[in-house]
Amino acid sequence: MPRVKRTLPGFDLASALSGAQVDRALPIGPQVYDVLRRLIVLSRLPSGAPLHEADIAAALGISRTPVRTAFQQLALEGLVNTWPQVGSVVAAVDRAKIEEGLIIRRALEGEVVRLLCAGAPDWTRLDALMAAQAAAVGANDADAFFAADEAFHAALADMAGVPQAWRLLQAVKAHIDRVRLLVTRRQPDRFHAAFAEHQAVLDAVRRRNPEEAAARMAHHVEAVRGSLHLLGDVATACP
């Protein structure tokens with residue numbers, strides 16, 4: 001049976017969960033999953049952090065059952081390592097899952113922009129999304145840019161008539177997201193470049209050039225590879 005570190009120097013679970021809430025009028029399980037996934041992506045729950053069902057349940061004011069269910073889903077995505085009767089920790093960023101996610105994201109988002117070229121995008125909505133990104137770039141706010149970036153890609157899928165494509169990607173891109181956010185926090189020029197890449201994708205869509213739009217999107221998705229060396233700075237979960 002593997003040994004699990006029960007503590008992580010400098011980490012406090014209560015502080016990490018501060019402000020997290022669930023709406024009792026909605027299904028609890030999906031909300032717990034969303035909360036924990038977001039905190040892992042944001043590194044508020046860093047690699048190697050011990051996760052205690054009872055403490056999380058108490059912090060959210062819920063029973064342990066939906067927490068356990070969320071752990072199971074996060075484990076399927078490689079975000080949490082769980083050993084029965086031993087414990088759970090936040091998993092290290094997984095290079096293999098990054099590669100897998102890039103392949104799937106490149107394929108799906110390439111098709112999204114091809115569809116947009118043949119459709120009628122809501123340019124008022126897209127201009128507003130680009131303005132939100134520009135504001136984050138101007139403020140040098142990595143977290144705000146990450147949120148605006150996510151909203152932009154979700155909107156592309158929605159306007160292409162395939163919103164499920166973006167929802168499907170959530171299950172395979174979490175490890176990519178962890179790297180993306182790490183990069184935007186440490187290398188502001190990267191999210192400045194991402195903003196320009198988004199604009200290049202939209203320029204191709206405006207010209208109704210599906211192959212160029214897909215190529216521009218592939219370049220944007222693949223750009224994270226240039227920052228994988230930063231993974232050496234990410235703590236790993238040690239059994």
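**Before you click**

Residues are numbered from 1 along each chain as its sequence is written, and side-chain values use heavy atoms, with hydrogens and water left out. As the model is predicted, local features need pLDDT of at least 70 and side-chain atom pairs count only at pLDDT 80 or more, while totals for chains, interfaces and linings use all residues. Helices (H or I, at least four residues) and strands (E, at least two) are DSSP runs, numbered from the N terminus.

**Stop 1: helix α3**

Select residues 53–60, which make up α3. Which residues of this helix are buried (under 20% relative accessible area, against over 50% for exposed and in between for partly exposed, with a 1.4 Å probe and protein chains only)? Colour Glu53, Ile56, Ala57 and Leu60 and you have them. Now look down the axis of α3: these buried residues fall within an arc of 100 degrees, so they line one face of the helix. The arc is taken over the directions from the helix axis to the C-beta atoms.

To see what sits over that face, show α1 (13–16), α2 (28–41), β1 (50–51) and α4 (64–76), which are included in the cover of the buried residues of α3. Then step just past the end of α3 to Gly61, which takes a positive phi of about 70 degrees.

**Stop 2: α3 against α4**

Keep α3 and α4 on screen. Their axes come within 9 Å and cross at roughly 120 degrees, which makes α3 oblique to α4. Axes here are lines fitted to C-alpha atoms, for helices over the stretch in contact, and angles run from 0 to 180 degrees between N-to-C directions. Under 35 degrees counts as roughly parallel, over 145 as roughly antiparallel, 65 to 115 as roughly perpendicular, and the rest as oblique.

The crossing of α3 and α4 is right-handed; that word applies if the near helix is turned clockwise from the far one by less than a right angle, and left-handed if anticlockwise. For the contact (heavy atoms within 4.5 Å), pick Glu53, Ala54, Ile56 and Ala57 on α3, plus Arg64, Val67, Arg68 and Phe71 on α4. Sorted by class, that contact has 5 nonpolar, no polar and 3 charged residues. Nonpolar takes in Ala, Val, Leu, Ile, Met, Phe, Trp, Tyr, Cys and Pro, charged is Asp, Glu, Lys and Arg, and the others, Gly among them, are polar.

**Stop 3: α5 and α11**

Next, select residues 95–118 for α5 and residues 210–222 for α11. The two pack at an angle of about 150 degrees with their axes 8 Å apart, and are therefore roughly antiparallel to each other. α5 passes α11 in a right-handed crossing. Show side chains for the contact: α5 brings Leu102, Arg105, Arg106, Glu109, Gly110, Val113, Arg114 and Cys117, while α11 brings Pro210, Glu211, Ala213, Ala214, Met217, Ala218, Val221 and Glu222. The tally for this contact is 9 nonpolar, 1 polar and 6 charged residues.

**Stop 4: α6 and α10**

Switch to residues 123–138 (α6) and residues 188–206 (α10), whose axes come within 10 Å and cross at roughly 165 degrees. These helices are therefore roughly antiparallel to each other.

**Stop 5**

Go to Ser43, in the loop between α2 and β1. Ser43 isn't a glycine, yet has a positive phi of about 65 degrees, and at 40% relative accessibility counts as partly exposed. Then try Asn140, in the loop between α6 and α7 (142–159). Asn140 isn't a glycine either, but has a positive phi of about 55 degrees; at 44% relative accessibility, Asn140 is partly exposed.

Hop to Gln31 in α2, which is buried at 16% relative accessibility. Neighbours within four places in sequence aside, Gln31 is in contact with Val22, Asp23 and Leu26.

Finish at Thr82, in strand β2 (residues 80–83). Thr82 is partly exposed, at 39% relative accessible area. Leaving out neighbours within four places in sequence, Thr82 is in contact with Gly87 and Ser88.
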